[in-house]
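Here is a short report on aromatic rings, charges and a sheet. Keep the sequence and the 3D view at hand as you read.

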Amino acid sequence: TMGNWLVNHWFSAAVLAAWLGINIFLFTYYFLFFDWDERYFYTRAILGSALAWARASAKCLNFNSMLILLPVCRNLLSFLRGTCSCCRRTLRKQLDHNLTFHKLVAYALALLTAVHTIAHLFNLERYNQSQQATDGSLPAVLSKMHLQGSNKWLNPIHSNQTTVEYVAFTTIPGLTGVIITLALILMVTSSTEFIRRNYFELFWYTHHLFLVYFAGLVIHGIAGLVRGQTEQSMAEVPPHHCAEYLTQWDQNCTHVCCKDPEFGSIPAESWKWVLAPIILYVFERILRVWRAQQKVVVTKVVMHPARVLELQMQKKGFCMEVGQYIFVNCPAISPLEWHPFTLTSAPEEDFFSIHIRAAGDWTERLIDTFQLETPRIEVDGPFGTASEDVFQYEVAMLVGAGIGVTPFASILKSIWYKFQQADQTLKTKKIYFYWLCRDTGAFAWFNDLLASLEQKMAESGKADFLTYRLFLTGWDTSIANNVALHFDTATDTVTGLRHKTIFGRPMWNMEFAAVAAAHPRSVVGVFLCGPEALAKSLQKSCHQHSSLDPRKVKFYFNKENF
């Protein structure tokens, strides 16, 4: 199993190892640097190892802040996906892990922020203790050096009345640190799966605190409260030789070490790390705004059962691939909110369409609005995801759960057109389609497509090309009785299709074993649009049923991510 995992995920593992390696290197290098370097000899006399913990975590925070925006530059990812269309499938597939990487970097930021904050709380406490000390120790002497001149201070606390809370809320590093941390806490906590699915607006608005985060980050170190000895001063009074004289010498001392050391601030450098990604992201947002301004014509509105709204639209220059998605905005409901929807039309059609299920405030309001009038719609996209690759596999297993069937509506329609046009470029020899659904109402809008596809395949002598299985995961006794009554009929009582609906959940091990037996030397693409639990189950089956022998069956897992 480990061997199969490495075969399927070697690039992901390499990226993860590189990211982890750079983080470990930065942390270790700067920890040792600030823990050993002569320039910070006197700073360490007051702060101890907490200085190294604070500075090392700061470097890693800068590095991860540089990375956090890149995975959410949708247009950049689309461009990269287009430019590496001739690359290996494994390489292109990694772009679908963009949000996983974004979350990973976010969790790293949260952890490093905790380390950085705790270290600085220790630092403030030690600065305070040193300022109040009257024992003539080295930290006490260093803390009084602000009395010798403006450039000589090392301890930023110059008064015995100063508290940690006072520094945290009145200095630039303190205040920006508090604001950055609060912004990060709100962004991370509002990004949970539950909140994203049920309160998308809350997730959407709190996530825009990233503007506050980056503004705070850029100015966080500008005051230069953490200082080290200047190069010139080190040459004149080397700390290792001269430190003892600071606590002993008197006014008549003539030794070379009797001169006071001078200190300088560590320059703010966060902006150097994040400037390029911020500029890239600004261009990304400008491109989104420009694309959104282009006129969209809603050509047809269909209200399907189970409160599913179908919108058919046209937009000048719009060019899509199967299984891509768009972001939709309705200014009449909210001028700022953009929601992702998978395209259900095929590239061969002269319109593009989406199916919207009532799931949350925004979708409820959109469906209600379209039942009264046709409001103005703005569209950004399309953006590429894994389903574009479906025709690159000899055999494809398509798995959709509930409304997650949408990308496969596009694929199945496109296959229908390819057969109609006798397309010779179609590599796919066989498609297995699985749809898992809780209630019968959700099948309604998809029935016509499957029925016409069934008929078309039969007419062209390709009835075996598509095998589909519909699994009803929730049912009541009336449905069960009806099925029992009409068990011998040619078509299904639930959907009216030739393939009977199966009640319950699929036994994935049996399904994969059957596909592996039917195609012992094929490369099989497994495509899912559905929940995480199902993804884990399918991924496990992909690993278990892939052969280590390169000449035998291989299963490659793909998941829709947005």
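The count of aromatic pairs in this predicted model comes to 30. A pair of aromatic rings is described by the distance of the centres and the angle of the planes.

Start with Y42 and F263. Their ring centres lie 5.9 Å apart. Their planes stand at 90°, over the 60 degrees that edge-to-face needs, so this pair is edge-to-face. The pair links distant parts of the chain. Y42 belongs to helix 2 (residues 41-47), while F263 belongs to strand 2 (residues 263-265). They are 221 residues apart. Both Y42 and F263 are buried.

Now turn to F200 and W204. This aromatic pair is stacked. The two residues sit in helix 11 (residues 200-207). They are 4 residues apart there, so about one helical turn separates them. Are F200 and W204 buried or exposed? F200 has 17% relative accessibility, so it counts as buried. W204 has 11% relative accessibility, so W204 counts as buried too.

The table sets out the two pairs.

| Pair | Centre to centre | Angle between planes | Type |
|---|---|---|---|
| Y42 and F263 | 5.9 Å | 90° | edge-to-face |
| F200 and W204 | 6.1 Å | 20° | stacked |

Rings also gather in a group. F25, Y29, Y30, F33, F34 and Y40 form one aromatic cluster.

Which residue has its charged end over the ring of W153? That residue is R227, 4.0 Å from the ring centre. K430 lies over the face of Y432, and the distance to the ring centre is 5.1 Å.

Next comes the sheet. Strands of a sheet pair through backbone hydrogen bonds, either parallel or antiparallel. L472 stands opposite F503 in strand 12.

Definitions and conventions: Residues numbered from 1 in each chain as written. Predicted model: local features only at pLDDT ≥ 70, side-chain atom pairs only at ≥ 80, totals over all residues. Heavy atoms only, no water. Phe/Tyr/Trp six-rings, centres within 6.5 Å; stacked < 30°, edge-to-face > 60°. Buried < 20%, exposed > 50% of the residue type's maximum accessible area, 1.4 Å probe, protein only. Lys NZ or Arg CZ within 6 Å of the ring centre and 35° of its normal. Pairing = 2+ DSSP bridges.
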